[in-house]
Amino acid sequence: MGLFDLLKKKKDTKLDRYLDGYEATGTTVGESLGALFKGFRGVSDDFLEQLTETLLQADCGIDTSIRIVDAIREDNKHKKISSIDEIKEILINEIGNVYKEEEVAPIHYNNAGTTVILMVGVNGVGKTTSIAKLGKYYQKLGKSVAFAAGDTFRAGAREQLQLWANRLNVPCIAGKDRQDPSSVLVDACRYAADHKIDILLCDTAGRMQNKNNLMQELEKMHRVIGKTIPGQPMESWLVLDATTGQNGLSQAQVFKDSAKITGIILTKFDGTGRGGVILAIKDKWNLPVRFIGIGETADDLKEFKLEDFAATILKGIEKNA
Ligand SMILES: Nc1nc2c(ncn2[C@@H]2O[C@H](COP(=O)(O)OP(=O)(O)OP(=O)(O)O)[C@@H](O)[C@H]2O)c(=O)[nH]1
Ligand SMILES: [Mg+2]
């Protein structure tokens, strides 16, 4: 079944929930697509050009935008698309084809001990805040949680994480200023193993993707975690700021190898209507979005579901077309 039919089937019972957290994208992307579809008279070159433009504005990136538009052009060759209902259905299905959610493996957890999750990304994207949010998320699932203050570089970083740890009543393992972050992570892994902690969330200092030595430092962190708790970190998440859109694509390219990235946390989703980077990153680097950040408190986190994302866009289209 295409994504469109799946949404339609669930629509009656669930559509209101879909908007929660995805409002900005639903209104902005949905509105501009709705406005384009409003005067739909068939798939002309002009229409496809405008659709490409709209997808690019939504941060889908050039390759993914072209992939979607080409697929619609092909569909139209087989069966003329003539109504708004058809074009809506085809677009939503193409979003499903690009993201391929059915191929996304669930998050890996260590059933025999601590699951270590490493959080990396450029400066100020929301790594530390996301750790607090994830801490609360896992607590709600009944898991025991600990934090590792692997940002020994920025002044005040350790205190920031400690503050969240105090609020959530979570142990926070920290070192000294400028201590090798790998050694802090080793201490934290030992603590977590000794105390039978389910989830150890590791903070790291923000770093630009063009700094080779800092990328090597991430490789080292990954390695020493694995030496302390074999098989860990099972998950290594790149935190991206949704408001910086396409920049996320180049960040993903570099981080994905050095930190062996397994997924994306997309923060500040409350502050942008351009969620297309979700499709671009999945399409280009095969990295799924695991969670979206939708505010500054520990509760402002949602599991990402393609269905929710697509349904919100569909709702936006239907409001405006
Ligand atoms: N609106 C909004 N703000 C967020 C979100 N996530 C983080 N922030 C804010 O972004 C700012 C930076 O967050 P941090 O968690 O300190 O970011 P960081 O990546 O740890 O930063 P560095 O450690 O300096 O690299 C803070 O003011 C957060 O409150 C989000 O999902 N939505
Ligand atoms: Mg931080």
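1. In α5 (84-99), the buried residues are I87, K88, E89, I90, L91, I92, N93, E94, I95, G96 and Y99. A residue counts as buried if 20 or more other C-beta atoms lie within 10 Å of its own, as exposed if 12 or fewer do, and as partly exposed in between, with C-beta atoms placed from the backbone. Helices (H or I, at least four residues) and strands (E, at least two) are DSSP runs, numbered from the N terminus. α5 has 16 residues and reaches 23 Å from its first C-alpha to its last, close to the 22 Å expected at 1.5 Å a residue; the expected span is 1.5 Å times one less than the number of residues. After α5 comes K100, with a positive phi near 50°.

2. A remark on the basis of this note is in order. This is a predicted model, in which local features need pLDDT of at least 70 and side-chain atom pairs count only at pLDDT 80 or more, while totals for chains, interfaces and linings use all residues. Residues are numbered from 1 along each chain as its sequence is written, and chains are lettered from A and ligands numbered from 1 in the order in which they are written.

3. The domain assignment divides the chain into domain 1 (12-103 + 310-320) and domain 2 (115-307); such bounds come from an automatic or database domain assignment. The C-alpha centres of domain 1 and domain 2 are 31 Å apart. Their contact involves 20 residues from domain 1 and 21 residues from domain 2, where two residues are in contact if their C-beta atoms, placed from the backbone, lie within 7 Å. On the side of domain 1 that touches domain 2, α2 (23-38), α4 (62-78), α5 and α12 each supply at least two residues. The most come from α2, with five residues. By class, this side of domain 1 has ten nonpolar, six polar and four charged residues. Here Ala, Val, Leu, Ile, Met, Phe, Trp, Tyr, Cys and Pro count as nonpolar, Asp, Glu, Lys and Arg as charged, and the others, Gly among them, as polar.

4. The largest nonpolar core has 95 residues, of which F147, A188, L200, L201, C202 and A310 touch the most other members. A nonpolar core is a set of buried Ala, Val, Leu, Ile, Met, Phe, Trp, Tyr and Cys residues joined through C-beta atoms within 7 Å. Helix α12 (residues 306-320) gives the most to this core, with seven residues. Domain 1 and domain 2 both contribute residues to the core, so it lies between them. Leaving aside neighbours within four places in sequence, A310 is in contact with L3, L7, I92, I95 and G96. In soluble globular proteins, nonpolar side chains tend to be buried together.

5. An open sheet of eight strands has the order β3-β2-β4-β1-β5-β6-β7-β8, with mixed pairing; two strands pair if DSSP finds at least two bridges between them. β3 (172-173) and β8 (301-303) are the edge strands, each pairing on one side only. β7 (residues 289-293) and β8 run antiparallel and are joined by three bridges, and I292 has K302 in β8 as its bridge partner.

6. Opposite L200 stand V116 and A146.

7. Helix α8 (residues 181-194) has P181, S182, V184, L185, V186, A188, C189 and A192 buried. These buried residues pack against β1 (115-120), β2 (145-150), β3, β4 and α9 (212-228).

8. Some backbone angles call for comment. Most residues other than glycine have a negative phi, and most peptide bonds are trans. K196, in the loop between α8 and β4, has a positive phi near 50° and is exposed, with 9 other C-beta atoms within 10 Å. N286, in the loop between α11 (277-285) and β7, has a positive phi of about 55° and is exposed, with 12 other C-beta atoms within 10 Å. Q232 and P233 are joined by a cis peptide bond, with omega about -5°; P233 is found in the loop between α9 and β5 (235-241).
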